[in-house]
Every structure is written in C-alpha cells, then in structure tokens.
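Thanks, everyone, for making time this morning. I would like to walk through a few residues in one model and the contacts around them, so please have the viewer open as I go.

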Amino acid sequence: ARLNLPQYDPRSLRRLHIRVCMEQGVDPEVVAQNQGHTDSGRLIRTIYYTPRPEFARSQFAKLKEPTR
C-alpha cells in the first residue's frame, strides 16, 4: 500500500515471470522445467500464460503481405 502498487500475491509474481519468459522467447518446456512442472510446458501454455493484447498485436504486425 505504501508503494501505491496494485494488490498482488506470490502467484501473481509467478505468472508475471512466466509471461516475461514466454514473451522474450524462452521455450515453454524450459519455463515449465524452471517452475518444477513435468508436463513439457502444457500447463504453462494453457493456464499460466495469456498473451497481453499489445504483445499479440506486435506479433501479428510481424506478418508480411503475401507475395503474388
């Protein structure tokens, strides 16, 4: 409250770490291993990681026009 930050808990920090890793291009399997998961990144991709709208837009902006 003193720092005027939004309310967060340890799970919020975990999700933030996962999101940053995924957006920086770290392989989901490596992130999962780092988090102690043994499912090859499935849980990371389905539960913990939801791309931010601005990140998704920036990824789609990388697409090039098809050549004719």
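Predicted model: local features only at pLDDT ≥ 70, side-chain atom pairs only at ≥ 80, totals over all residues.

His37 sits in the loop that runs between α2, residues 28-34, and α3, residues 42-48. Is His37 buried or exposed? Its relative accessible area is 16%, and because buried means under 20%, His37 counts as buried.

Let me move on to Glu23, which belongs to helix α1, residues 10-23. Glu23 has a relative accessible area of 17% and is likewise buried. Which side chain does the side chain of Glu23 join in a polar contact? The partner is Arg52, at 2.7 Å. Not counting residues up to four places away in sequence, Glu23 touches Tyr49, Arg52 and Phe55.

That brings me to Gln59, whose place is in helix α4, residues 53-61. Gln59 and Glu23 lie 36 residues apart along the chain, and their C-alpha atoms are separated by 9.8 Å. With a relative accessible area of 33%, Gln59 is partly exposed, whereas Glu23 is buried.

Note on methods. Residues numbered from 1 in each chain as written. Heavy atoms only, no water. Helix = DSSP H or I, 4+ residues; strand = E, 2+ residues; numbered from the N terminus. Buried < 20%, exposed > 50% of the residue type's maximum accessible area, 1.4 Å probe, protein only. Polar contact = N/O pair within 3.5 Å; in protein donor to acceptor, adjacent residues only side chain to side chain. Contact = heavy atoms within 4.5 Å.
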